[in-house]
2 protein chains.
Amino acid sequence: MSFGRVAIIGLGLLGGSIGLAIRQHLPGVTTTGYDADPAVRLRAGERRLADRICASAEEAVKDADLVIFCVPVGAMGAAARDCAGALKPGVVVSDVGSSKATITEALCAALPGLAVIPAHPVAGTENSGPDAGFASLFQQRWCIITPPEGADRKQVDQLIDFWEALGAMVETMSAPHHDRVLAVTSHIPHLIAYTIVGTASDLEEVTRSEVIKYSAGGFRDFTRIAASDPTMWRDVFLNNREAVLDMLDRFLTDLAHMRESIIAGDGEAMFDLFTRTRAIRRSIVALGQDDARPDFGRSDHEG
Amino acid sequence: MSFGRVAIIGLGLLGGSIGLAIRQHLPGVTTTGYDADPAVRLRAGERRLADRICASAEEAVKDADLVIFCVPVGAMGAAARDCAGALKPGVVVSDVGSSKATITEALCAALPGLAVIPAHPVAGTENSGPDAGFASLFQQRWCIITPPEGADRKQVDQLIDFWEALGAMVETMSAPHHDRVLAVTSHIPHLIAYTIVGTASDLEEVTRSEVIKYSAGGFRDFTRIAASDPTMWRDVFLNNREAVLDMLDRFLTDLAHMRESIIAGDGEAMFDLFTRTRAIRRSIVALGQDDARPDFGRSDHEG
């Protein structure tokens, strides 16, 4: 492993999981960790999310070969500025944020002349904070690396090796393309889930207790996504605005068509769509990106 | 148990699960089963979904004290007409359909003078067919019974006892109220999931392979719901049209607000919504209606 010392800035679900995964898969690598919240630093120390939890960002990064920012998208620039003076020459700077174009800009602006190679491991759960991380989070998951123009090929390869060592499969693409892909596979699903859960909570003639009791009809799957970290997701929508709005408008157009089919009683149009969508599910399961057990295996657990 | 003989018409996920649950929880009850598809009857016999699989609906129902129609909503009336001549006096007729007002009408029209007491166990998985059922499907799940005006209280209580014996918790309400509650907790979530999976499959600049690879960002949860039985769901939307359209319009209004918040860069409005929705998730887990393990326990399984 080319990176002997890795600094993790932000010790929530992603940062914590990286620290634990390094200890499991890369025992020769030393980790330092920092979080702006003292309570998170304390808990991170108890869970040993990094070998050494530091009292400042500068201290955490000063000997690091690789620094990974694991803070909400909107906090990346400030987090980078906080440790800009302490970074050593030749360091590789990366992150785990869900929208890449604005993050690349923010990191490059905060750290002029340094090697910035953004990354996004497409993995997570609805939990957040220093108790949420676990070493196997990246197993069999994709990590997308978005090297800016002119990035050093050797450093990009080193970052690829690093993520593969943690169990991820790696793909590279441009930041704008990443932002469009993730708008549809992640951002719009979250926006829709948050919204329908809000709609359901605000109804008057259907009580909240009814919504909760009968959530097994499908709604509960949306509530899982809608339990994700609010700060993280606010920042994603503020930072990937253009791609999100474009994909949202396509979804709204398709939803308007379905609405028309319901009004017209056009069962054939519905049946056609509902048949096509099954194939996508099968591919996702076949490619190991979801559990094949029905109902996410809930019944195995409960039954 | 007041019902010594139970006939199950339709041997898919729900019908099969009822048969298996009766064998497990009500060993004194005899079951007969029928499905219009000969291949399903064959497989149902192999899996012993009912004690006796019959070659006609009339044969299946002729001695039954309780007949449960487990066919798609749009097929209820025809299925009832098929066996109308063979039902014995005093039989209780029920079903498991997801929209109650139109089913009640169809069953009462097909079986004048008989006791029709519709029910809806709010339970299921994305799988369908005679291999999909399992005995524990109804454990800790709600079953909603919608007794028509003038229903015999004793018979309603017998049906409540029956569902409780299979492990369900029972609530009664009017059919129109059921249809509004389920529109929001089940029908709209399915409509949205089918639609976004369709939108994602039709994109040109984001390939289907990319959609599948990066589905762990949230999209894959929607694909599970969008893999549900197309015939069943087509019929739900055709039969619960009014409530679905009303709830859809509320959702669209809320989504338009979120769209405006994104355009305006109004992070506060987003943060407020994303915080409120977490509370609903907590209640669902607290009330045993979903698994508390993060990511539906996928990581336990994969890790």
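**Figure 1. The loop that holds A:Gln140 in chain A.** In this predicted model, A:Gln140 lies in the loop of chain A that runs between strand E7 (119-121) and strand E8 (142-145). The phi angle of A:Gln140 is near 65°, a positive value in a residue other than glycine. Most residues other than glycine have a negative phi. The relative accessibility of A:Gln140 is 41%, and the residue therefore counts as partly exposed.

Figure 2. B:Gln140 is not a glycine, yet its phi is positive, at about 65°. With a relative accessible area of 42%, B:Gln140 is partly exposed.

Figure 3. The closest cysteine sulfur to that of A:Cys83 belongs to A:Cys54 and is 11 Å away. A disulfide requires two cysteine sulfur atoms within 2.5 Å, and the separation seen here is therefore too far for a bond. A:Cys83 is buried, its relative accessible area being 0%.

Figure 4. For B:Cys143, the closest cysteine sulfur is that of B:Cys70, at 11 Å. This distance is too far for a bond between the two sulfur atoms. B:Cys143 has a relative accessibility of 0% and so counts as buried. Over all chains, the count of disulfides is zero.

Conventions:
Residues are numbered from 1 along each chain as its sequence is written. Chains are lettered from A and ligands numbered from 1 in the order in which they are written. This is a predicted model: local features need pLDDT of at least 70, side-chain atom pairs count only at pLDDT 80 or more; totals for chains, interfaces and linings use all residues. Side-chain values use heavy atoms; hydrogens and water are left out. Buried means under 20% relative accessible area, exposed over 50%, partly exposed in between (1.4 Å probe, protein chains only). Helices (H or I, at least four residues) and strands (E, at least two) are DSSP runs, numbered from the N terminus.
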